[in-house]
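Here are my notes on the model, point by point. Have it open while you read.

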Amino acid sequence: MTEKSNVQAVHDTLLGEFRRDERHILLGEDVGVRGGVFRVSDGFIEEFGADRIIDTPVAESSIVGIAIGAAIGGLRPVAEMQFADFHAPAFEQIVNEAARMRYRSVGAFGVPLVIRMPWGGGVRGALYHSQSVEAFYAHVPGLKVVAPSTPADITGMLRSALRDADPVVFLEHKAIYRSVKGDVPDGDYTIPLGPADVKREGADITVYAYGISLHHALAAAERLAADGVQATVVDVRSLRPLDAETVLREARKTGKCLIVYEDNRLFGAGAEIAALIAEEAFEDLDAPVMRLGGPEIPAMPFNKPQEDWFMPSPEKIAVKMRELAAY
Amino acid sequence: MSALDRATALELYRVMRTIRQFEARAVQLFGENKIWGTIHSYAGQEGVAVGVCAHLRDDDWITSTHRGHGHCIAKGADVGRMFAELLGRETGYCRGRGGSMHIADTSKGNLGANGIVGGGIPIATGAALTATYTGSDRVAVSFFGDGGANQGTLHESMNLAAIWKLPVLFVCENNQYAETNPVKDAFAVEDISLRAAGYGMPGVRVNGQDVRETYRVAADAVARARSGLGPTFIVAETYRYEGHYYGDPQVYRTKDEIEDWRAKRDPLVIARTWLTTDRLASEADLARVDREVDAEIEKGVAFAEAGEPASPIRLPEDVYAG
């Protein structure tokens, strides 16, 4: 075991895999000489050279499009969107091209591509450095969309993503890049893309979360435990594929479900999880499925009280959990 | 101009004729309600795909467009499997999933026709990046129209290809209209190839109706790419005989204009003329090729019509690996 931060886990895993497989190339803005704005590829260009660690112009659509072509050609590219917010120009290539290539070519062309996106609010980044983008991609068959939030999960799932045969949107919550630390098993271990993980067991209510919301939910669960309410916390670290089995099993255990997510509440990932529980576990429910999500405003506001109002927090989650427990 | 040998010259004609007859037959099948949706005919533009693809190997890549039949055939696709795709058969290139606009052919390096204008440009550029990275001499060609030339992906990819000296050809088929939008309304500069200067790559404007011209220009560009000297931007001036799609009322152009191109600048008529004038082929040779092409086309249609209609059952396959 080695203790490290989330961002260190990203760095170390990429480093190990790039050493293991020279088909990996990294394309993105400022990933080379600067080592990435979050220092994820610090030292890479020195070790792997400018042929593999490619500083691109600001051109997200072609960063991803070129990565798709390179992947079909036999490489295993990693494309970095410097901030997830910058994904929009690349949306066409990710959704219309990467996701459909295997299907439209009847299995002939696969796209083994990892598109890394630092996402989420809580960093005073305002409109274009704070977005949640998971719902756009989780909607698309052909993609895999994961959002691991602990150093161990990031390590195991990034390793799997880099070895996967299909395009993976790999979401890294940047507000917990350095604040969250944890033990990472040494050696070549992987976590498959798909299974959810029960991060806390409790008999009274079940909370589903990912990203920074997961850590806030775990903190909220400790507060409720002091009052005698025991919460299960499920880390929905993979959105596509979604682990329906674990979601439903944990829903049936308590009969009371809350989904917490930072993205705009309507049509977000929480809506899909809620619908799944309502459709499949209705008779085991003791309360309406509840959601705590972002407000109906177009983007993250800048000023701290405004951003705090938008973002989930242990306090807000605890209030909702108490409401659910008391139902 | 470097002289074409007899076999090459006749082969260029044969492939152009195959495309022309394929399109004629596809339109006929459409009229018989055997093809649904829409088709975009390549008739009139044959000189471009054929002149360029003649220099490509099976392991070179192309990306194509919604008007992709010509590129597919020029890159070696089997017309039977193409017709089968248009007819929605299991024996089609995409097992009926794609139809006219989405034919891809792994064995020939055809990364696919594409219903998104400009969608294939960065993908071809990425394939070229693979060639460079792996140290091979493979090249990639992205075909797109004057419409695609105004997508942002072209700007991004031409710049990237130029700074990285990638072995890619950007081939703009200026067929004078982006759907209904004439080039004079879509470009401030008449000669689109001038753009290349802004990226630091050669830009060549070529008469796309004379396959000798496209063949010559592409020879240089492919040789450049294979030897590591980087990309070339080729703008082939050409014309599509049919509307944007089958059934297009074509209110944006006149019958006289269409007839003028057909009468004076038809790539097949032009080719027949120089083939016979330069004594590379006799009328009898050309008649024989025409008969062989017709037979291949009819064989292809028969193959397609004999195929099982594509069923929904296998659709969930090939969404993910394994």
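This is a predicted model: local features need pLDDT of at least 70, side-chain atom pairs count only at pLDDT 80 or more; totals for chains, interfaces and linings use all residues.

1. Residues are numbered from 1 along each chain as its sequence is written, chains are lettered from A and ligands numbered from 1 in the order in which they are written, and side-chain values use heavy atoms, with hydrogens and water left out.

2. In chain A, have a look at Arg116(A) and Glu80(A), whose side chains form a salt bridge at 2.7 Å, N to O. Arg116(A) sits in strand β5 (114-119) and Glu80(A) in strand β4 (76-80), so the pair ties together parts 36 residues apart in sequence. Strands here are DSSP E runs of at least two residues, helices H or I runs of at least four, numbered from the N terminus. Both Arg116(A) and Glu80(A) are buried (under 20% relative accessible area; exposed is over 50%, partly exposed in between; 1.4 Å probe, protein chains only).

3. Over in chain B, Glu298(B) and Arg25(B) make a salt bridge at 2.8 Å, N to O. Glu298(B) belongs to helix α12 (283-306) and Arg25(B) to helix α1 (6-31), so this pair links parts 273 residues apart in sequence. Glu298(B) is partly exposed at 39% relative accessible area, while Arg25(B) is buried at 13%.

4. Lys34(B) and Glu305(B) also pair up in a salt bridge, with the closest N and O atoms 2.9 Å apart. Lys34(B) is in the loop between α1 and α2 (46-53) and Glu305(B) in α12 of chain B, so parts 271 residues apart in sequence are tied together. Lys34(B) is partly exposed at 32%, and so is Glu305(B), at 33%.

5. Now the A/B interface: what does the salt-bridge rule find there? Zero salt bridges between chain A and chain B. The contact (heavy atoms within 4.5 Å) takes 43 residues from chain A and 39 from chain B.

6. On chain A's side of that contact, the elements giving two or more residues are β2 (24-28), β3 (53-55), α3 (60-73), α4 (91-98) and α5 (101-104). The largest share, 10 residues, comes from α3(A).

Definitions and conventions
A salt bridge is a side-chain nitrogen of Lys or Arg within 4 Å of a carboxyl oxygen of Asp or Glu.
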